Amino acid sequence: MGHSSSHYPSWRRSCVTCALPCLAPQGAELPPLRVLCLPGFGTNDQIMNFQLMKLFASGISFEHESMCPIVPTPYPLEPEFRELTSEPFFKWFASTEDGVPGEKELAAAVKAVLRRLEEGRRRRKPFTCILGFSQGCTVADAVFRLSQSLDVALRGAIFFSGRPSSLDPAPDIGKICVVYSNRDILVPASATKSFLHLYSSTVEIVHGEGHVMPALSGAQAEKFASFVLWQQIGASFVE
């Protein structure tokens, strides 16, 4: 399943994410942004696709593939998810009090995701960006950092309502978008906000819907759309 939008009537305007005029020529055909999406605890790839629908309903669009977590779990995090799919439910690692996985669990998850990135490269459909929701954020963060020294280096990452990994910070490796809610009762806003201190180039979006991937509107949607654009044109901005 994927969504794409590669033609824009005009992008020579101020970019919301950095307040600078964009270098993309007017009427430019831009390559699609390909995003690998990592769901949270007690879900699967089908549920991830459902959660993305609210974001796409905001008018935001990009190509994506959702990857199912690797560890089976007997129940979904949200009971209503049982009505969405009869597929098994999964997690990336065992849920812990502080939400941080053990080294072996994180290594197994990261290895699986890096294999998926390599598959995309071999298919000549490389992923540009990685997206994580909740538990998937921790894995996405580690993958984003480690990918920089490999043939599958990612340009950016999107973190929804999750925690960073325990890897050492690598602040200058790319641009990230951090989306969180001050009403999140599962992952404190402070935990997700900590991403903003680990990277030097960040976009911050705050919403009030709780522990979800929200629909965005107004300035929020503009910020997210500008981040997508930045990923597509390779950060070509001028003062």
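Which residues of H1 are buried? They are Ile47, Met48, Asn49, Gln51, Leu52, Leu55 and Phe56. Keep in mind that this is a predicted model.

**The whole chain**
- The chain contains five helices and eight strands.
- The chain has 239 residues, and 51% of them count as buried.
- Among contacts with a separation of 6 or more, 71% join residues 24 or more positions apart.
- The accessible surface is about 10900 Å², and carbon and sulfur atoms account for 52% of that surface.

**Helix H1**
- H1 covers residues 45-56, which makes twelve residues.
- From first C-alpha to last, H1 reaches 16 Å, close to the 16 Å expected at 1.5 Å a residue.
- The cover over the buried residues of H1 includes strands E1 (34-38), E2 (63-66), E4 (89-91), E5 (129-133) and E6 (156-160), together with helix H5 (218-233).

**Glutamate 87**
- You can find glutamate 87 in the loop between strand E3 (71-73) and E4.
- Glutamate 87 counts as partly exposed because its relative accessible area is 37%, between the 20% and 50% cut-offs.
- Leaving out residues up to four places away in sequence, glutamate 87 touches Asn44 and Gln46.
- Threonine 43 is 44 residues from glutamate 87 in sequence, and their C-alpha atoms are 9.3 Å apart in space.

Key: Residues are numbered from 1 along each chain as its sequence is written. This is a predicted model: local features need pLDDT of at least 70, side-chain atom pairs count only at pLDDT 80 or more; totals for chains, interfaces and linings use all residues. Side-chain values use heavy atoms; hydrogens and water are left out. Helices (H or I, at least four residues) and strands (E, at least two) are DSSP runs, numbered from the N terminus. The expected span of a helix is 1.5 Å times one less than its number of residues. Buried means under 20% relative accessible area, exposed over 50%, partly exposed in between (1.4 Å probe, protein chains only). Contact means heavy atoms within 4.5 Å. Accessible areas come from the Shrake-Rupley method with a 1.4 Å probe; for residues, only the protein chains shown count as cover.
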